[in-house]
Amino acid sequence: MHPYRSHTCAGLTAANAGETVRLSGWVHRVRDHGGLLFIDLRDHYGVTQVLADPDSPVFAEVEKVRSEWCIRIDGVVKKRDPELVNPKIPTGEIEVFIRDMEVLGAADELPLMVFGDQEYPEETRLRYRYLDLRREAMQEKMALRSDVVASIRRRMWDIGFREYQTPIITASSPEGARDFLVPSRLHRGRFYALPQAPQIFKQLLMVSGFDRYFQIAPCFRDEDPRADRSPTDFYQLDMEMSFVEQEDVFATIQPVIQGVFEEFGGGHKVDAVWPRIAYRDAMLWYGTDKPDLRNPIKMEVVSEHFRGSGFAIFAKLLEQDGTEIRAIPAQGGGSRKFCDRMNAYAQKEGLPGMGYIFWRERDRDQSAMQRFLDGEEFRGAYLGDKPLSEAQATALAEEFFAREEDSAGQRIIDALKLGDGERAEFLRQAYFSDHEAAGPLAKNIGPERTEAIRRQLGLGKGDAAFFLGGRPDSFEGVAGRARNVIGEELGLTETDRFAFAWVVDFPMYEKDPETGAVDFSHNPFSMPQGGLMALEGDPLEVLGFQYDLACNGYEIVSGAIRNHKPEIMHRAFEVAGYPPGEVEARFPGLSTAFRYGAPPHGGCAAGIDRIVMLLADEANIREVILFPMNQRAEDLMMGAPSEPSGEQLRELGLRVLPRED
């Protein structure tokens with residue numbers, strides 16, 4: 001028999017009854033039933049119930065074991081009585097009577113329990129990650145990650161890609177984040193860098209004639225941590241293709257990503273149609289370039305309804321260049337309590353608040369005017385199958401309103417006199433329909449403007465709209481987050497769906513609001529749309545062949561058609577304010593290679609960690625990484641970052657300066 005096991009802890013069934021077996025694993029739980037000791041023995045594959053009665057030759061030793069001891073047992077498999085069968089586990093029909101036991105590894109008092117669903121501080125979980133990873137949920141998530149990576153590899157090979165490995169130690173390259181620098185022992189005072197991505201190397205592979213490349217690549221970036229981003233390193237599916245356009249990249253990567261989500265998505269709907277949304281529209285409609293399309297809410301510009309209105313804050317704001325008012329429609333949000341809660345949310349996010357309007361049932365007094373507007377005469381004139389003539393309707397209205405002193409009624413009469421039935425109906429809806437606008441904004445701008453807003457947004461009774469104003473870049477982020485909160489709280493966001501969207505037409509450049517300097521807004525290696533000619537105009541109007549794939553509010557893929565022409569690359573950097581020769585200085589290998597027949601090429605990179613995070617239904621990326629850093633970029637388990645020894649520093653020719661607080 002094998003020295004440690006004949007079966008795994010998920011491998012025994014009723015068919016093994018009567019056999020002598022050997023199992024090894026961890027003591028998941030111990031139960032003492034009055035002289036009968038039950039142990040749930042666990043390994044990576046499952047759990048088997050083993051037990052020792054007083055007749056067992058090792059009963060006294062079994063009494064000593066505690067949770068998370070690693071043990072080996074020999075025993076005889078027996079069927080459980082029918083009423084004791086546990087259908088929840090594969091081994092639920094049997095149990096093993098212990099006849100011999102060996103302690104392979106005793107455990108000290110545990111800082112966290114593996115058995116059960118207790119919550120522990122993240123710092124404790126990361127410090128003792130090897131214990132945390134023993135928990136069933138963590139085992140499942142890490143197995144999921146491994147299976148996803150294996151599936152991606154198979155899919156890439158199946159469509160004609162080969163995997164190539166690129167260097168880990170390389171030169172520093174400005175790609176949008178801080179490098180991790182590595183000092184050189186052989187070349188004192190000079191540094192290598194860990195690659196932020198295999199970006200330059202994969203482009204060099206295309207120049208080298210490798211038509212289709214992919215790699216499950218580690219990437220290293222010294223970034224501030226977020227819930228969806230590791231502060232040090234991450235993995236991505238990196239791919240590149242020669243002789244392609246943007247549509248070729250989309251058509252190649254979609255079946256891979258879609259297939260992975262269908263395979264591991266737990267039965268959730270996976271969108272097969274991925275819309276293309278221009279960056280400018282994504283920011284307008286969703287307040288973000290990674291929109292969550294499970295939420296149907298689209299923001300709209302409603303500036304004209306507030307220009308010159310009685311709401312002075314917005315009216316004066318719109319007198320400034322570059323400002324606008326946007327509305328977030330909220331179907332089902334038409335209560336003052338909900339509106340006040342969302343206003344408080346905006347204040348918590350750093351804005352003065354969000355204005356709002358909500359529509360409710362009108363308290364109608366059934367005046368003569370109201371009776372007329374509800375009556376068959378008016379509805380027959382403009383809404384019925386057999387309308388009255390214009391003259392008849394006007395005369396009828398004048399006769400009715402002659403007895404009423406009401407400016408709204410007079411406006412309707414005026415519209416009827418002009419033969420403008422559409423305007424008359426609009427006014428009727430604004431003043432006398434079965435719904436009315438409420439809230440401070442509605443009182444300030446009046447019924448006609450609120451009715452125009454309601455119609456534009458397609459809202460009705462029981463609905464609401466929230467408003468933010470100013471320069472878009474000052475409120476878009478909050479507006480986008482508010483849109484998400486509104487969709488979730490009102491039950492508008494689908495929770496059983498993976499919704500994808502390509503965000504395209506990213507601007508190549510952006511202007512620093514403080515200095516006015518122009519710099520790259522995204523990947524500096526992207527080909528500008530329009531080529532060299534596009535770079536001769538306004539830099540802020542130049543769009544790149546740059547694209548991201550969003551899924552459920554997360555960016556999971558980013559890529560571009562590359563700038564493979566030296567003259568365009570040099571000009572692109574000049575526009576961003578870099579002096580001549582900067583391309584050669586920063587990217588000597590790539591710049592030189594492009595002079596030797598570079599093919600047009602493009603590709604993308606998909607974030608493995610984020611994909612698994614979505615598939616595991618987790619909001620924190622650290623839940624799907626085996627050994628992550630904490631939120632301060634520290635490895636509590638390994639003690640990193642650590643202080644180097646004096647000998648190490650001397651060997652590298654380095655000195656650590658005292659920290660200035």
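**Ground rules.** The model is predicted; I take local features at pLDDT of at least 70 and side-chain atom pairs only at pLDDT 80 or more, while totals for chains, interfaces and linings use all residues. Residues are numbered from 1 along each chain as its sequence is written, and side-chain values use heavy atoms, with hydrogens and water left out.

Buried means under 20% relative accessible area, with a 1.4 Å probe and protein chains only. This core has 65 residues, and L237, I257, F261, F500 and I556 touch the most other members. Helix 6 (residues 246–264) gives the most, 8 residues. Helices here are DSSP runs of H or I, at least four residues long, and strands are E runs of at least two, numbered from the N terminus. I then listed contacts (heavy atoms within 4.5 Å) for F500. Beyond four places in sequence, its partners include I257, F261, W274, L549 and I556. A second, separate core holds 23 residues, among them I297, A330, A438 and A479.

**Pocket.** I turned to the second largest pocket. A pocket is an open set of points on a 1 Å grid over the protein atoms alone, where a 1.4 Å probe fits, with protein on both sides within 12 Å along at least five of seven lines; lining residues have an atom within 4 Å of a point. Its volume, the space filled by probe spheres set on the points, is about 880 Å³. The lining has 34 residues, and H28, R42, V47, E136 and A137 lie nearest the centre. Helix 4 supplies the largest share, 7 residues.

**R622.** Why does R622 count as buried? Because its relative accessibility is 7%. R622 sits in the loop between helix 21 (608–615) and helix 22 (646–652). Its side chain makes a polar contact of 2.8 Å with that of E122; such a contact is an N or O pair within 3.5 Å, one able to donate a hydrogen and the other to accept it.

**Helix 18.** The buried residues of helix 18 (residues 566–575) are P566, I568, M569, A572, F573 and V575. They pack against elements including strand 20 (509–511) and helix 17 (531–534). G577 follows the helix with a positive phi, near 90°.

How values were computed: A nonpolar core is a set of buried Ala, Val, Leu, Ile, Met, Phe, Trp, Tyr and Cys residues joined through side-chain atoms within 4.5 Å. Buried means under 20% relative accessible area, exposed over 50%, partly exposed in between (1.4 Å probe, protein chains only).
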